[in-house]
Amino acid sequence: MPVTSDEQVNWRSSIPFLGLHLVPFAALWTGVTAGDLWLCAALYLGRMFFITAGYHRYFAHRSYKMNRTMQFVMAFGGATAAQKGPLWWAGNHRRHHQFADTDRDPHTPLKGFWWSHIGWILSDKYSATDVDAIRDFARYPELRWLDRHDWVAPWAVAVACFLAGGWSALVIGFFLSTILLWHGTFTVNSLAHLVGWRRFDTPDTSRNSWVVALFTGGEGWHNNHHHYQSSCRQGFVWWELDPTWYGLRLLARLGLVHDLRAPPPRVLRPQPPAGRAEPDAEPEPVFAGAGRRGGG
Ligand SMILES: [Zn+2]
Ligand SMILES: [Zn+2]
């Protein structure tokens, strides 16, 4: 499937994004402390959680619930990762599922690894928020504000890093973790459709990959996810590491989120022969959270 004429990379507007990849080399002058490396790791893991739990599993898929304040906290946390605003991110991701691996999928790897990983972000075609895809959340003015001013949250973190640890904390703690976070997240769009194995015979190319799951807080079980998008849990068996799910279970116990959706048992059974689909009668287990404990 070829990249179309309106999907060419805009090299001019991409210069700042590509140029930021050189910033960590400034460590040759600033030096690196152990504290900078710890900060880098903490900002990678913490912000990855906001992306996977917030931008992906909540805003794109509505796989659990929370109140409006927590919703803003999740959105702001996600925005600190410098992956644009929650409405832009989740709107494009909904289109990915809606049109997975067709010519209307924003980042199908059928147009090449490079396109799915980063090319689609560098083209002008997908730079605007697809409001039609995310009307349910676009009605919140605070989310629209965050989407329009998507630079505020990452800048706030960058300034905090500088004030806390000086130049090296900014270069390694903030910039290096942000770049790693970009490419960690991007592997879900590229590698998770190219490497790994398939448990479910989905109509797309999604795959389950340990490697991707390890770097993305459990988003590597992407074939599971494409098969059962509404599930908040993406690792379907105990050995499918899913730290985002564990983190959300913890937040549910603290009463901060609730009604986490898990896959129904039928999803884990072998697929019935074609033409003999099982009825959807089985109720879906819901992990209700503090005080309202359910299954899951
Ligand atoms: Zn998804
Ligand atoms: Zn996918």
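Author: This is a predicted model, in which local features need pLDDT of at least 70, side-chain atom pairs count only at pLDDT 80 or more, and totals for chains, interfaces and linings use all residues. Residues are numbered from 1 along each chain as its sequence is written, while chains are lettered from A and ligands numbered from 1 in the order in which they are written.

Reader: How many helices and strands are in the protein?

Author: The protein has 13 helices and two strands. Helices (H or I, at least four residues) and strands (E, at least two) are DSSP runs, numbered from the N terminus.

Reader: What makes the radius of gyration agree with that of a compact globule?

Author: The radius is taken over C-alpha atoms, and the globule rule is 2.2 Å times the number of residues to the power 0.38. For 296 residues the rule gives a value near 19 Å, and the protein has 19 Å, so the two agree. Along the principal axes, the C-alpha atoms fill a box of roughly 65 × 50 × 40 Å.

Reader: Why is D101 called buried?

Author: A residue is buried if 20 or more other C-beta atoms, placed from the backbone, lie within 10 Å of its own, exposed if 12 or fewer, and partly exposed in between. D101 has 21 such atoms within 10 Å, so D101 is buried. Its place is in the loop between α5 (86-98) and α6 (113-122). Of the 296 residues in the protein, 44% are buried.

Reader: Why does D259 count as partly exposed, and why is R68 called exposed?

Author: D259 has 17 C-beta neighbours inside 10 Å, and therefore counts as partly exposed. R68 has 10 other C-beta atoms within 10 Å, so R68 is exposed. D259 lies in the loop between α12 (243-253) and β1 (260-261), whereas R68 is in helix α4.

Reader: What is the phi of D101, and what is the phi of D259?

Author: Phi of D101 is near 60 degrees, and phi of D259 is near 55 degrees. Most residues other than glycine have a negative phi. D101 has a positive value and is not glycine; D259 likewise has a positive value without being glycine.

Reader: Why are α3 and α5 called oblique to each other?

Author: Axes are lines fitted to C-alpha atoms, for helices over the stretch in contact, and angles run from 0 to 180 degrees between N-to-C directions. Angles under 35 degrees count as roughly parallel, over 145 as roughly antiparallel, 65 to 115 as roughly perpendicular and the rest as oblique. Helix α3 (residues 34-60) packs against α5 at about 60 degrees, with the axes 9 Å apart, and the pair is therefore oblique.

Reader: Which residues meet between α3 and α5?

Author: Y55, H56, F59 and A60 in α3 meet P86, W89, A90, H93 and R94 in α5. Two residues are in contact if their C-beta atoms, placed from the backbone, lie within 7 Å.

Reader: Why are α3 and α4 also called oblique?

Author: Helix α4 (residues 68-79) and α3 pack at an angle of about 120 degrees, with their axes 8 Å apart. The two helices are therefore oblique to each other. The contact is made by F50, I51, A53, G54, Y55 and Y58 of α3 and M74, A75, G77 and G78 of α4.
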